[in-house]
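This report describes the fold, the packing and selected residues of one protein chain. The sequence and the model are shown first.

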Amino acid sequence: MTQIEIEPSTLAVATLILALLISIAIAVWQRSSAPSKSGSRKSKSKSISSTVAVIGAPNAGKSALFAKLTAGSFPSLPTYSSMATNQSPLPLAAASHLAPTLIDCPGHSRLLAETHKHLDRNPRVTLVAVDATALAATKRDAAERLALALDHRTLPGMRVIVVATKADNPLAMPVSAVKAALAEEVHVLRLAQEAQLGTTDDVDGHSDEDEDDASHLRVRRKGALAGKGKGTPEGEVESNKQSLDDLDVKVLGVSAKSGKGIEELVTVIRQAFGVATTTESISPFMVL
């Protein structure tokens, strides 16, 4: 029987080709099985959940608002920056079985991944709590949380409501001023996004594990905040400035301590869920 002799050089080339094919196959498999660069944004639910998310920077009054809406009481002890998610049924009506879940998301910037997780589930309503007594000093953080909510408002029927807390305080900024300040700061964030888009084609190129969530949030503006700015000449960007009314964002002045604005807030939430808004049907503890 005749033996086929293979030249060492031929064998070496064949081995090299085989190794190359194996490397390509492994790379393709890893790429197909790896999470998307934009993370949870690609795996978002395509339906609206029966939840109300409360988000906001530390000390924005989220925990007090959560306690007022779920238990009808103002915390007797001072609240602290939330480091964990709190959840409770929200009784929208006295004679109704409808009680969506109210989710108080952590306020600390290092826990924004938790906020992203709940917003990715498409809450019917997102409440953005801002401290009306300290907005001048905290408007950047407040605008970033509002931008985050708008970026996640991807389905018809989802509502974003800004809750200006501590509205009964004499130092509280009036609702009209809150609207103007937030609109201006959101516009500044959009301009920052335009600058970022001018240097890279993909602002989501880094995963949340690769960089701090707080800084990553500043460049994640491909959704609602991008508006018509992408590809717009620099001189025309200013004309794209939008008010909160333009963005379909309602702003309410609320006090968890005195109850000011609570009934109106509940009414707006009920409307978002398609529930009748007669005063008689509102949960008794919410009527002051």
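Helices are taken here as DSSP runs of H or I with at least four residues, and strands as runs of E with at least two, numbered from the N terminus. On that basis the protein contains seven helices and six strands. The model is a predicted one.

**Overall packing and surface**

The protein has 288 residues, of which 42% count as buried. When contacts between residues at least 6 apart in sequence are considered, 74% of them join residues at least 24 apart. The accessible surface of the protein amounts to about 15,200 Å², and carbon and sulfur atoms account for 56% of that area.

Part of this surface is a nonpolar patch of about 560 Å², formed by V13, I17, L20, L21, I24 and V28. One of these residues, V13, belongs to helix α1, which spans residues 8-33. Patch members must have over 30% relative accessible area. V13 has 46% relative accessibility and is therefore classed as partly exposed.

**Packing of helices α4 and α5**

Helix α4 covers residues 135-152 and helix α5 covers residues 175-197; their axes come within 9 Å and cross at roughly 65 degrees. The crossing of α4 and α5 is right-handed. On the α4 side, the contacting residues are L135, K139, R140, A142, A143, E144, L146 and A147, and their partners in α5 are V178, A181, L182, E185, V186, V188 and L189.

Is T115 buried or exposed? T115 sits in helix α3, residues 112-119. Its relative accessible area is 2%, so T115 is buried. Leaving aside residues up to four places away in sequence, T115 touches I55, C105, P106 and L148.

Most residues other than glycine have a negative phi. N59 is located in the loop between β1 (49-56) and α2 (62-71), while K166 is located in the loop between β5 (159-165) and α5.

| Residue | Relative accessible area | Class |
|---|---|---|
| V13 | 46% | partly exposed |
| N59 | 56% | exposed |
| T115 | 2% | buried |
| K166 | 33% | partly exposed |

Methods. Residues are numbered from 1 along each chain as its sequence is written. This is a predicted model: local features need pLDDT of at least 70, side-chain atom pairs count only at pLDDT 80 or more; totals for chains, interfaces and linings use all residues. Side-chain values use heavy atoms; hydrogens and water are left out. Buried means under 20% relative accessible area, exposed over 50%, partly exposed in between (1.4 Å probe, protein chains only). Contact means heavy atoms within 4.5 Å. Accessible areas come from the Shrake-Rupley method with a 1.4 Å probe; for residues, only the protein chains shown count as cover. Patches are made of residues with over 30% relative accessible area and no salt bridge: like charges are joined within 9 Å, nonpolar side chains (Val, Leu, Ile, Met, Phe, Trp, Tyr) within 5 Å. A salt bridge is a side-chain nitrogen of Lys or Arg within 4 Å of a carboxyl oxygen of Asp or Glu. Axes are lines fitted to C-alpha atoms, for helices over the stretch in contact, and angles run from 0 to 180 degrees between N-to-C directions. A crossing is left-handed if the near helix is turned anticlockwise from the far one by less than a right angle, and right-handed if clockwise.
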